[in-house]
Amino acid sequence: MSTRSRSSILVLCFIKKLYSNSLECPRSYDKLRFDPSKEKCRLLVTHDDYSITSKLPRDRTSVVTILRNPVDRVCSTYEFSVEVAARFLVHPNLTSATQMTGSLRAKTKGVSTLDIWPWKYLVPWMREDLFARRDARKARGTYDVKSSDPYNMKDIAMPLLDYINDPIAHEIVHNGATFQIAGLTNNSYLPESHEVRHCVEKYKNLGQYVLQIAKKRLDNMLYVGLTEEHRESATMFANVVGAQVISQLVESNAIGEGSDDDKSEQGTSFSDSELDNNDHQNPSDEKENETASSSDDNEVKQEKMTVGKLMETYEVCISSLRKTQSRRRIASLKRISPANFTKEARLQVPQMVLQRIRSLNNLDLELYEYAQVIFEQHKQAAEKLFDTETLGSMFFYSGGIKLWDVCLWAMPFVLLFIFFLFVNAKRTTLKLKI
């Protein structure tokens, strides 16, 4: 299984609960770091696009994805790029920030956030921009910012409109879901990907061919979910995918075994959230983050796994991580105050800017509409397998708060998730591959 996106909450609180450490592949956030034909692992955490499947055994690989509304995805990408870049403003200048980051990364064997696509491009871009604007404010002696729109505070950060019109955004951000599912990002394993992307940029009609490839791949996926359909996506995923993983791992006696194995391997690598500490975060936040996750992890893996127990553990884990991420986000945005990205502030983004985002992400908009159709088909199939009461109530706290809502609002960036599952069952409709 492989996961694609900066979805630390989903990974830590849900997916990794299904697998012991001995079943987790060497982490490969920036590139594939093991030989799939030799490694006997079942969970791969990576930030690659669909082209990584060319390196994996096709007969034992199933793919699951969750797509997000393209406009929300672009806005979220902008927000997170600025938020992470703002963490470096504790340094007196850009040179100091760059040197310190290089020194920290050289001392660790793990993978830094700055190695992970797309942040290895977007964060340094925004970091340089934030320092340049701070230096300009100091030079002018300007410290008061009059604008109340966090998406258009040019004295503080690059305005959203400038961000989406920049060549870097055209290369990496726009139509990102389509190019990811087609395996044609600038992080692709396919040598022709760069040429194809630029042909599509130059000759817009060629984008339809890429879109058809992405649609066909959605058709062949085990499951397609939607970020905006929080509860339904999570519930169906738990029942359709999670239940199958649990069943097959139980059959192979994999759950609960070897949970202490291979800890040296896990200790040599960091997830994007774990490496936030190396980007000048409070170490205590990370310790709390890891403690909550590992505690729940041991609890689940040491007993017989069921979907119900997985959901119970998810509730406890997500509550802790939500608080941790909220504190981290607040601390980061204080450095670019009064800019503050909130759900309410995003509603104030001018229609002209939103329309520009739509026009630049026309392929993603069509792909998202196609995914909505597939999602409804999966939903109808799930309703035949599970009773309505179960599907309607699984992802609620006792107080009525939707768990999936909490999870997804806490994610600074949700583009899509891709899972590669190495399991032991024939693939039929809604079944995992062997």
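Predicted model: local features only at pLDDT ≥ 70, side-chain atom pairs only at ≥ 80, totals over all residues.

Q: How many residues are in the largest nonpolar core?
A: The largest nonpolar core has 43 residues. Such a core is a set of buried Ala, Val, Leu, Ile, Met, Phe, Trp, Tyr and Cys residues joined through side-chain atoms within 4.5 Å. Buried means under 20% relative accessible area, exposed means over 50%, and partly exposed is in between (1.4 Å probe, protein chains only).

Q: Which residues have the most contacts inside it?
A: They are Val-82, Leu-130, Leu-160, Tyr-163, Ile-164, Ile-336 and Ile-357.

Q: And which elements give two or more residues to this core?
A: α2 (70–86), α4 (119–140), α5 (160–165), α6 (167–172) and α15 (351–360) do. α2 gives the most, with 9 residues. Helices (H or I, at least four residues) and strands (E, at least two) are DSSP runs, numbered from the N terminus.

Q: Take Leu-160. What does it touch?
A: Not counting residues up to four places away in sequence, Leu-160 touches Cys-75, Tyr-78, Tyr-151, Val-349, Val-353 and Ile-357. Contact here means heavy atoms within 4.5 Å.

Q: What does a second core include?
A: A second, separate core has 37 residues, including Tyr-19, Leu-310, Leu-367 and Ala-371.

Q: Okay, Leu-218 next. Where does it lie?
A: Leu-218 lies in helix α9 (residues 207–219).

Q: Buried or exposed?
A: Leu-218 counts as buried because its relative accessibility is 1%. Leaving aside neighbours within four places in sequence, Leu-218 is in contact with Thr-65, Leu-67, Ile-181, Val-224, Leu-367, Tyr-370, Ala-371 and Ile-374. Leu-218 and Ile-374 are 156 residues apart in sequence but 8.1 Å apart in space, C-alpha to C-alpha.

Q: Switching to charges. How many salt bridges does the structure hold?
A: The structure holds 11 salt bridges. A salt bridge is a side-chain nitrogen of Lys or Arg within 4 Å of a carboxyl oxygen of Asp or Glu.

Q: What about Asp-72 and Arg-346?
A: Their side chains meet in a salt bridge, at 3.6 Å from N to O. Asp-72 is in helix α2 and Arg-346 in helix α14 (residues 343–346), so the pair ties together parts that are 274 residues apart in sequence. Asp-72 is partly exposed at 24% relative accessibility, while Arg-346 is buried at 15%.

Q: And Glu-171 with Arg-197?
A: That is a salt bridge too, at 2.4 Å from N to O. The pair links helix α6, which holds Glu-171, to helix α8 (residues 193–202), which holds Arg-197, over 26 residues of sequence. Glu-171 is partly exposed with a relative accessible area of 25%, and Arg-197 is buried at 7% relative accessibility.

Q: Which residues do shared partners join into one network?
A: Asp-72, Glu-79, Glu-83, Arg-87, Arg-329 and Arg-346 are joined that way by salt bridges.

Q: Back to helices. At what angle do α2 and α4 pack?
A: The angle is about 60°, with the axes 8 Å apart. Axes are lines fitted to C-alpha atoms, for helices over the stretch in contact, and angles run from 0 to 180 degrees between N-to-C directions.

Q: Which residues meet there?
A: Thr-77, Phe-80, Ser-81, Val-82, Val-84, Ala-85 and Ala-86 in α2 meet Trp-119, Leu-122, Val-123, Met-126, Arg-127 and Leu-130 in α4.

Q: Last topic, the backbone. Which peptide bonds are cis?
A: Among them are the bond from Trp-117 to Pro-118, with omega near 0°, and the bond from Ser-337 to Pro-338, with omega near 15°. Pro-118 is in the loop between α3 (94–107) and α4, and Pro-338 is in the loop between α13 (307–334) and α14.

Q: What is phi of Asn-175?
A: Phi is near 55°, a positive value in a residue other than glycine. Most residues other than glycine have a negative phi, and most peptide bonds are trans. Asn-175 lies in the loop between α6 and α7 (176–182), and Asn-175 is buried, with a relative accessible area of 8%.

Technical notes: Residues numbered from 1 in each chain as written. Heavy atoms only, no water.
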